[in-house]
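Hello,

Here is the structure I promised to hand over. Please open it first, then read the notes below it.

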Amino acid sequence: MTHGSLLLVDDDRQVLESMADWLRDQGLQLDTATGYANAIQLLGRKQYDLLLVDVRLQDGDGFDLLEQVRRNHPHTHVVLMTGYGNADSAVEALRAGAFDYLTKPLIDDELMMTLERAFTQRRVVEENHQLRKQLDKHHAMDSVVGQDPRMLRVFDMVTSVADTKATVLITGESGTGKSMIARTIHRQSSRAGKPFIEVACGALPENLLESELFGHVAGSFTGATGDKVGKFMQANGGTIFLDEIGTASPAMQVKLLRVLQELEFEQVGGAKTFKVDVRVILATNDDLSQAVAEGRFRQDLYYRINVINVELPALRERHSDIPLLAQTFLAELREDTNREVRAFSDEALLALESYPWPGNIRELQNVVERAVLLGKGDVITPGDLPREIAGGPTLNISRAGSRTLKEALEEPERQIILDVLESNNWNRNATADSLGVNRTTLYKKMKKLGLEDGKYAIN
């Protein structure tokens, strides 16, 4: 028996009722529509697996309805039927996206075979779609690497907010992975099958940014030779990611506040108002609260976008993740470049861990890529790293004066241990692992250097 939801559309009431009765006798559940407008009305209320549509309707035609279904209900199949069929119109229908094109009078077996094929294909597509969603959700975090407690908190927050409609503001220094976190939120949400559109707000001047976001109509400004669909419309049903939002001009901030509140906008030079269904994620490396205090950023917009704040730590603050990230980048590059580089030496990893990484994850990735491409052996050594990294940290050691060498070296040792302790939230086990010493040695050094109570600070 054929299973699925069917909408039968024909403006000949006698034919409509006769076909509906026959299809119901075959065990089908269906609704009927007497024309184009009636069908659009029913489609607004209910989702159908299949439409069986007469091409000639008094208030439109089947091709118009096919276009609307393809645009607004892409997973719904449409079978067109006509009493005036020919080869050219059949080809036109299939090119327009119809599942099949039948000629009246319909043959019972041919009709049922077509419906069965349409419903079967619809079920297969839906099963594949659900499977992809499950796999995407399962692997959504795979591209985000981290075991540091700060990153684990970020992962928990991403999982909690992913499948909500709440606006998310991702903050953190440049290179900390804000775009990747935005994509992860999208992939873990129910919008994963819809578009993810990214806009670098800081890369465009204000007039071009407005056109990029909202689109424009032909002739609205010099060079606008045709209509343009903006990024908000392209992201309809999905997610739009606005990076570097702190660079938006005051005029653009007003426009963004409106679209975030009402999800409505007009194209540049246009009068028609468009309404969209989008999830908005924003990111900035700027301190927006400071920008508000200085009058550079609207307070009402700041409160509107700061609903959920995901704050990404700098790489120097997630010290224990550096080896893990470096090994991940190495594995990816080894696969992409076919280089036989299998590992880092202990000395190279120590150099990577000791460097402050002002460019964060992006800089680390570039350094690993450079080492893979320029290195001569199958193990990356300090000699394969840039000089400022291979040389280790620059420590501020004051002149020893009357102190012994042992006393003079205590200050930098204390500073190194304190930095790693703070990056691990004073977790001593994680700190010992990061420093490559056993826990007993770490405890003794902390006690000796006055760090055991967690209150020591270096000015």
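Five bridges join strand 9 to strand 12 (residues 239-243), and the two run parallel. Strands here are DSSP runs of E, at least two residues long, and helices are runs of H or I, at least four residues long, both numbered from the N terminus. Two strands pair if DSSP finds at least two bridges between them. Ile197 stands opposite Ile240 in strand 12.

A word on the source. This is a predicted model, in which local features need pLDDT of at least 70 and side-chain atom pairs count only at pLDDT 80 or more, while totals for chains, interfaces and linings use all residues. Residues are numbered from 1 along each chain as its sequence is written, and side-chain values use heavy atoms, with hydrogens and water left out.

Next, Asp54. UniProt lists Asp54 for "modified residue: 4-aspartylphosphate", in an unreviewed entry. UniProt positions are in the numbering used here, feature names are shortened, and annotations may be inferred rather than shown by experiment. Asp54 is found in strand 3 (residues 50-54). Is Asp54 buried or exposed? Asp54 counts as buried because its relative accessible area is 8%. The cut-offs: buried is under 20% relative accessible area, exposed is over 50%, and partly exposed is in between (1.4 Å probe, protein chains only). Leaving out residues up to four places away in sequence, Asp54 touches Val9, Asp10, Asp11, Gly62, Met81, Thr82 and Lys104. Contact means heavy atoms within 4.5 Å.

Now the aromatic rings. The whole structure holds seven aromatic pairs. The pair Phe265 and Phe274 is stacked, because the ring centres are 5.9 Å apart and the planes are at 25°. Tyr355 and Trp357 form an edge-to-face pair, 4.7 Å centre to centre with 90° between the planes. Rings of Phe, Tyr and Trp (its six-membered ring) pair if their centres lie within 6.5 Å; planes under 30 degrees apart are stacked, over 60 edge-to-face, and the rest tilted. Phe265 is buried at 4%. Tyr355 is buried at 13%, and Trp357 is buried at 0%. Phe214, Phe232, Phe265 and Phe274 form one aromatic cluster.

Last, the charges. A search of the whole structure finds 23 salt bridges, each a side-chain nitrogen of Lys or Arg within 4 Å of a carboxyl oxygen of Asp or Glu. Glu212 and Lys228 form one of them, with the closest N and O atoms 2.8 Å apart. This pair links distant parts of the chain: Glu212 is in helix 8 (residues 206-214) and Lys228 in strand 11 (residues 228-229), 16 residues apart. Asp300 meets Arg298 in a salt bridge at 2.7 Å, N to O. Asp300 is partly exposed at 34%, as is Arg298 at 32%. Arg258, Glu262, Glu264, Glu266 and Lys275 are linked in a network of salt bridges.

Best wishes
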